[in-house]
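Open the model in your viewer and keep the selection panel at hand. The tour moves from one selection to the next.

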Amino acid sequence: MLGQLALWAKIANEASCGSPRWIGRGLSCVCIKRKGAYERICMNLTPVQEERLQRLKHRMKVYFDPSRRDHQEALKALWHATYPDQELQGLISEQWKDMGWQGRDPSTDFRGAGFISLENLLFFAKTFSASFQRLLKKQCGNRATWEYPFAVAGVNITFMIMQMLDLQSTKPRTFVRAIFIQMLSEDEWAFDLLYCVAFVVMDKQWLDKNASYMDFNEVLKSTRTQLERELMLDDVMRIEDMPSYSLLC
């Protein structure tokens, strides 16, 4: 990991018809201002929302276990999706450093976010391969001499989103969480899509700030702020509606 992330959760420009501290204290719904009017965001989950939220929470609790066959296969799948023309020499190999892992054994870098961070990287590589390769190879913009390591940055992004959405808490404490859960009812892969958006936003922030390795945590903070603001926009009802989704190709 790139150091302990100083993450914060206050959303700028929140508009509510009640105090956010009411959330989780017996109210079935809260209101936020969207589309020029107040819209109700219900805290009582539908069966679909509950099922998908519990499934996502389960994913978030799975640690990467290098002894598990399915985890080994997922790691191999990530390699082949990233370097389809290169044969992998082994699950412990100097080759992994080329992807931006800290050492020869990538399993040691999953401790912060678990197996879901590998799933996120694999989803990104397969769903938006052009964007994935562009960021991996640092193909755009004036890059710093001391660049962020791609794969480790991806693990940090997963952890940041998990903290931002606050999905492990028993009661909702932010409007962003409530909005995301509604998105989850529309698309089971909303978390993975949000991850892809977050990665391209982070890279754009990196370039805009002319950042280098030591600035990574600051760039991650500004990435979170932008994601929160976009999720709160009037017309954003799905991940695909976020303005930064257009950065993916």
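Predicted model: local features only at pLDDT ≥ 70, side-chain atom pairs only at ≥ 80, totals over all residues.

Residues are numbered from 1 along each chain as its sequence is written, and side-chain values use heavy atoms, with hydrogens and water left out.

Select cysteine 140 and cysteine 249. Cysteine 140 is in no disulfide; the nearest cysteine sulfur is that of cysteine 249, 8.3 Å away. Cysteine 140 is partly exposed, at a relative accessible area of 30%. Cysteine 249 is exposed, at 51%. The classes are buried under 20% relative accessible area, exposed over 50% and partly exposed in between (1.4 Å probe, protein chains only).

Next, the nonpolar core. The term covers buried Ala, Val, Leu, Ile, Met, Phe, Trp, Tyr and Cys residues joined through side-chain atoms within 4.5 Å. The largest such core has 72 residues, and Trp101, Phe124 and Phe199 have the most contacts inside it. Helix α7 (190-208) is among the helices that each supply at least two residues of this core. The largest share, 13 residues, comes from α7. Helices here are DSSP runs (H or I, at least four residues), as strands are (E, at least two), numbered from the N terminus.

Centre on phenylalanine 199. Its relative accessible area is 0%, so Phe199 is buried. Contact means heavy atoms within 4.5 Å. Not counting residues up to four places away in sequence, Phe199 touches Leu121, Phe124, Leu135, Tyr148, Phe150, Ala153, Gly154 and Ile157.

Now show the aromatic rings. Rings of Phe, Tyr and Trp (its six-membered ring) pair if their centres lie within 6.5 Å; planes under 30 degrees apart count as stacked, over 60 as edge-to-face and the rest as tilted. The whole structure holds 17 aromatic pairs.

- Tyrosine 148 and phenylalanine 216: tilted, 6.3 Å centre to centre, 40° between the planes. Tyrosine 148 lies in the loop between α4 and α5 and phenylalanine 216 in helix α8, so the pair ties together parts 68 residues apart in sequence. Both are buried.
- Phenylalanine 150 and phenylalanine 199: stacked, 4.9 Å centre to centre, 25° between the planes. This pair links helix α5 to helix α7, 49 residues apart.

Finish by selecting Phe124, Phe132, Phe150, Tyr195 and Phe199: they form one aromatic cluster.

Key. Disulfide = S-S within 2.5 Å.
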